[in-house]
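Here are a few friendly notes to read alongside the model. Please keep the 3D view open and find each residue as you go.

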Amino acid sequence: MKFENSLAFAKKLDRQDALKTFRKKFLIPKHKGKPVIYFTGNSLGLQPVTTKKFISEELADWAAQGVEGHLHSKRPWLYYHKFFKKALAGLVGAKPVEVTAMNQLTVNLHLMMVSFYRPTGQRYKMIVERGAFSSDQYAFESQVRFHGLHPDEAIVELTPRPGEYTLRTEDIVETIQEHAGQLALVLLGGVQYYTGQFFNIRKITEAAHHAGAYAGFDLAHAIGNVPLSLHADNVDFAVWCSYKYLNSGPGGVAGAFVHERHATQYTLPRFAGWWGHHEAERFKMKKGFIPMPGVDGWQLSNFPVISGAAQLASLEIFQEAGIRRLRKKSLLLTGYLEFLLTQLDPNKEHFIIITPSNPDERGCQLSILMKQNGKKVFNKLVSSGITADWREPDVIRVAPVPLYNTFEEVFIFTQHLRKAIGLRIT
Ligand SMILES: *Cc1c(COP(=O)(O)O)cnc(C)c1O
């Protein structure tokens with residue numbers, strides 16, 4: 001599409017938007033009485049209007065039924081994780097047996113590494129991205145130390161080429177090949193939280209398997225943002241949180257994927273709990289852990305129902321909108337943002353967009369690296385009613401989310417950015 005730099009054009013795109021009615025399904029925070037321009041759905045997604053109803057239903061069942069709610073509530077709590085499978089499977093491109101909602105992201109990352117990072121004398125290395133999210137870095141390091149190894153020996157960090165900000169797939173593959181004989185695990189983000197780069201999951205997985213290693217992905221910034229096909233791509237495992245693009249509320253219950261080929265590999269070592277134990281036998285309270293087939297066998301504790309209810313509200317909206325239609329709008333929305341930003345600073349005097357310019361290599365988010373006065377510019381944006389996100393040392397992350405953001409907001413955002421930088425309108 002040929003974009004135009006005008007409010008009238010932005011409004012026209014909004015009128016033509018097949019998903020425009022979805023914005024009404026969300027509660028938009030206000031600044032001085034007006035809805036903010038909320039570009040931080042990559043950090044905490046907005047609250048669906050229906051969340052309250054879903055949570056209230058659980059509270060009502062709890063009030064009326066007490067413990068009986070485990071079996072007799074509208075969505076029986078004993079089987080709560082099953083109500084997520086269809087929607088989650090659709091979002092990540094998986095079979096129902098491969099996905100579940102459980103725990104928190106970092107917890108799931110550890111559980112998966114317990115099973116899939118099993119260093120031996122020969123194979124002990126883990127390839128990760130440099131500058132991975134802090135929690136992931138701590139998880140990698142502590143797992144390595146847990147096995148009596150030193151992070152400097154065992155962790156190989158992928159680094160962009162000099163002068164570049166993101167990783168090239170061919171360089172990732174080459175690094176994997178280079179360490180092939182010693183490699184146990186490749187563990188990357190799906191969409192990198194800082195740069196917004198969407199990695200080539202299929203190619204990376206293929207290279208990892210070719211090298212005799214497992215491949216896992218942290219989908220915190222990918223789920224609900226980009227369509228995924230974890231089953232077809234042969235990914236071994238993946239984990240995600242639900243409070244970012246999945247709009248499930250602060251600290252919402254997270255999720256995990258384990259490929260079907262590991263579903264009945266009960267010999268895979270794991271940390272077990274009673275909710276992963278065979279369902280029919282769970283309440284017999286017997287000695288001897290028998291895992292459920294599939295990722296369900298990695299569950300530990302009984303389900304956090306109140307938090308889960310919030311996620312079900314959001315997943316219902318995703319099912320109605322469809323991740324492919326959302327992606328289609330997202331490509332336009334973020335493409336429009338990129339177009340306007342490029343017009344604003346054509347010679348890159350004030351900022352550089354470090355997110356890949358190839359739409360296949362990114363999701364909603366653009367990461368804007370400010371060359372000077374970054375924090376000042378960011379603070380001005382905030383005081384003009386824009387909710388964006390500042391990442392030290394110098395990046396403003398903006399994520400127009402197709403479920404609730406508009407083309408008009410993208411246009412107005414770039415006008416505020418122009419003012420904040422101190423550029424005149426040309
Ligand atoms: C948001 C995010 C986290 C947060 O971890 P929690 O366990 O949910 O607190 C971890 N890793 C990545 C890549 C993230 O983007």
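1. Let's begin with the ligand. In this predicted model, its surroundings are made up of L105, T106, F133, D136, D218, A220, H221, C241, Y243 and K244.

2. Which side chain has an N or O atom 2.5 Å from an oxygen atom of the ligand? That side chain belongs to Y243. For H221, a side-chain N or O atom is 3.2 Å from an oxygen atom of the ligand. With D218 the ligand atom is a nitrogen, and the distance to an N or O atom of the side chain is 3.3 Å.

3. How much of the ligand's accessible area does the protein cover? On its own the ligand has 390 Å² of accessible area, and the protein covers 83% of that.

4. Now zoom out to the whole chain. Domain 1 consists of two stretches, 7-48 and 322-421, while domain 2 covers 55-319. Taken over C-alpha atoms, the centres of the two domains are 28 Å apart.

5. Finally, see how the domains meet. On the domain 1 side, 37 residues are in contact with 25 residues of domain 2. Together the two domains bury about 2,500 Å² between them, with 62% of this on carbon and sulfur atoms.

Conventions
Residues numbered from 1 in each chain as written. Predicted model: local features only at pLDDT ≥ 70, side-chain atom pairs only at ≥ 80, totals over all residues. Heavy atoms only, no water. Near = heavy atom within 4 Å. Polar contact = N/O pair within 3.5 Å; in protein donor to acceptor, adjacent residues only side chain to side chain. Areas by Shrake-Rupley, 256 points an atom, 1.4 Å probe, with all protein chains shown as cover. Domains from an automatic or database assignment. Contact = heavy atoms within 4.5 Å. Buried area = accessible area lost by both parts, 1.4 Å probe.
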